[in-house]
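Please look over the following structure together with its sequence. The briefing below takes up a sheet and a helix pair.

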Amino acid sequence: MDHERAAKDILKQIGRDNIIAAAHCATRLRLVIKDESKIDQKSLDDNPAVKGTFRVNGQYQIIIGPGDVDKVYDHLIKLTGLKEVTPDDLKKVSNNGKRENPLMALIKVLSDIFIPLIPALVAGGLLMALYNVLTSAGLFGSQSLVQMYPGVKGFADMVDLFASAPFTYLPILLGFSATRRFGGNAYLGATMGMIMVMPTLVNGYLVSEAVAKGTMTYWNVFGWHIAQAGYQGQVLPVLVVAFVLANVEKWLHKKIPSTLDFLFTPMISIVVVAFLTFSIMGPILRTIGNGLTSGIVALYDSTGFIGSAIFGFFYSPIVITGLHQSFPAIETQLLANIAKTGGDFFFPIASMANAAQGAAALAVFFITKNVKQKGLASSSGLSALLGITEPAIFGVNLKMRYPFFIAMGASSIASIFIGLFHVRSSALGAAGIIGFISFPVKYYLPFFFSIAISIILAFTATLIYGKMFAAKQVEENEEGSSTESTMVKTVPSSVTDEVVFAPVAGKSESLHNVKDQVFSAEIMGKGAAIIPTEDEIVSPVTGTVTVAYPTMHAYGIKSDEGAEVLIHLGIDTVNLKGEYFTSKVKQGDKIKKGEMLGTFDIKALKEKGYDSTVMIVVTNTNKYAEVARIDTDKVAKLDPVIALTAHTATFSSATNLEA
């Protein structure tokens, strides 16, 4: 890449005097722009040095890639005379002195607390669905499976027990996750959760009934009668209790001498917070929480199919803003009180929206002539049908605009039927065509009917509009690339088959699940993600270090076989300016597979509110016939995680057109 030429082109397309401040991270330029309407977006999209652009948190970000972005940034600074700033400084500039948006800050907190709980809630919900299959009459005959085969009853009872556990003891899970997020001892949070659901208390689901019948038991504390009420199925009280517990604990750590801190801080924290919970905080927050839940359910019920249609229309735009990250907090409360709420009505509407975006992206496959766009449309469309929409939304539909808006309309129409049939899920899960497993059997038919409408409408309308009205625009946008993209050249393969290994031990994840759209949409390339369980990072290949930033949060390595591998430690960790990171290598070093690159403090990152997920991306993905994540749950250090299949004798010249 000609870095100076790239910087000049970017400045021309954005406007030399249109940039207020500029910074960069491992993969992208981060700019604060005066007037985004002055940006020549089409020329920027066609710029071979630019892999993509997007806007987030007041910043305009241009994806360049590791090893190149810092050089382009240096030329950009020289050409503009701007002062070099860090991404953290840039964030302050983009906020223009304003405090962080309180709503977005709250959503981030809720997301950090609830996302780790989703696997447990999904497992419980799907087991509940299995129990429904075993006990529902009319599914396999006039009688249920349990009635037809009595020997199944014991297994069904076990499944019912397994399914109930995550929801009955939800305060324990929440207490652990929330207290850790607020900076306290997570195990004290779990202990507080256990206290709130002790079997000797009146079960949280029966508190209202016990009060009404006069059977509620009380503690008499110096004449103060405190209800012995449990908090099964409650969310809001546990969140507030965890916040108070974390802050009481941190305050005590500062006040109690270190010689006594270990013994007395945990005990005092539990006694004080537990007493406040049952006497003051718990009863008030239970009332507020129940009122909010009842209000949401009443609002949905009162608006009926109109409300579901409106929600279905706006769900995908909500995903773009990130506001959907707060939904698990509401959905968890709905599922925990399923006997009263009837289940989760967010999930089926999300399924309609995701399926519509996926179908629209698949339609683009038949409209576009660009090989690169075809590949992205097909892969991202299928993943959206299965519930992962970011690649389809950001990589395809929003770029062409009309597929995104058509999908919104299709989702809205499909959601009308969700509202008419009162479809509600009994579990969290993949919000897409396979989402039916999260529903009671009685909702299967209306769910399939609704999602079929969503897919058919979105696909058909996008295809017709694209063929009839947008074809000329597509041809113009792809002029010069469509002809070349269909050419096939015969050349010797320059890259051999290769395996990229895990740089750290942990839980293996799809890159699509990463909470950074640049990685989840595979804009930088395909790869894998690992939720780490250790602090030491080693080289996943043998080769040469091409990128080693002073912030020590990312490394680039070109393997001896030809793969260009980016290892990115955490999300937005560039803002830490190297704090909690160490590095053992520098750019240009030769390194062998398994040699240490550096370390990062996972615990400290989590306490600071950062996501510690490690992304391993093959940035020259387009040079391979296939870059596939090796599907496994847990990986040890240097286990294989990415399999690379080289092109054979023929390949499309479109691969050379992709930046």
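Two strands pair if DSSP finds at least two bridges between them, and strands (E, at least two residues) and helices (H or I, at least four) are DSSP runs numbered from the N terminus. This is a predicted model, in which local features need pLDDT of at least 70 and side-chain atom pairs count only at pLDDT 80 or more, while totals for chains, interfaces and linings use all residues. Residues are numbered from 1 along each chain as its sequence is written, and side-chain values use heavy atoms, with hydrogens and water left out.

**The sheet**

- Three strands form an open sheet with antiparallel pairing, in the order β11-β17-β15.
- Because β11 (536-538) and β15 (581-583) stand at the edges, each with a single partner strand, one side of each is left without a neighbour in the sheet.
- From one strand to the next, the twist averages 20°.
- β15 is joined by three bridges to strand β17 (residues 596-600), and these two run antiparallel; Ser 583 stands opposite Gly 598 in β17.

**The helix pair**

- Helix α10 (residues 186-196) packs against helix α12 (residues 236-255) at an angle of about 135°, with the axes 10 Å apart; axes are lines fitted to C-alpha atoms, for helices over the stretch in contact, and angles run from 0 to 180 degrees between N-to-C directions.
- α10 and α12 are therefore oblique to each other, a class left over once angles under 35 degrees count as roughly parallel, over 145 as roughly antiparallel and 65 to 115 as roughly perpendicular.
- In contact (heavy atoms within 4.5 Å), Leu 188, Gly 189, Met 192 and Met 196 of α10 meet Pro 237, Val 238, Val 241, Leu 245 and Glu 249 of α12.
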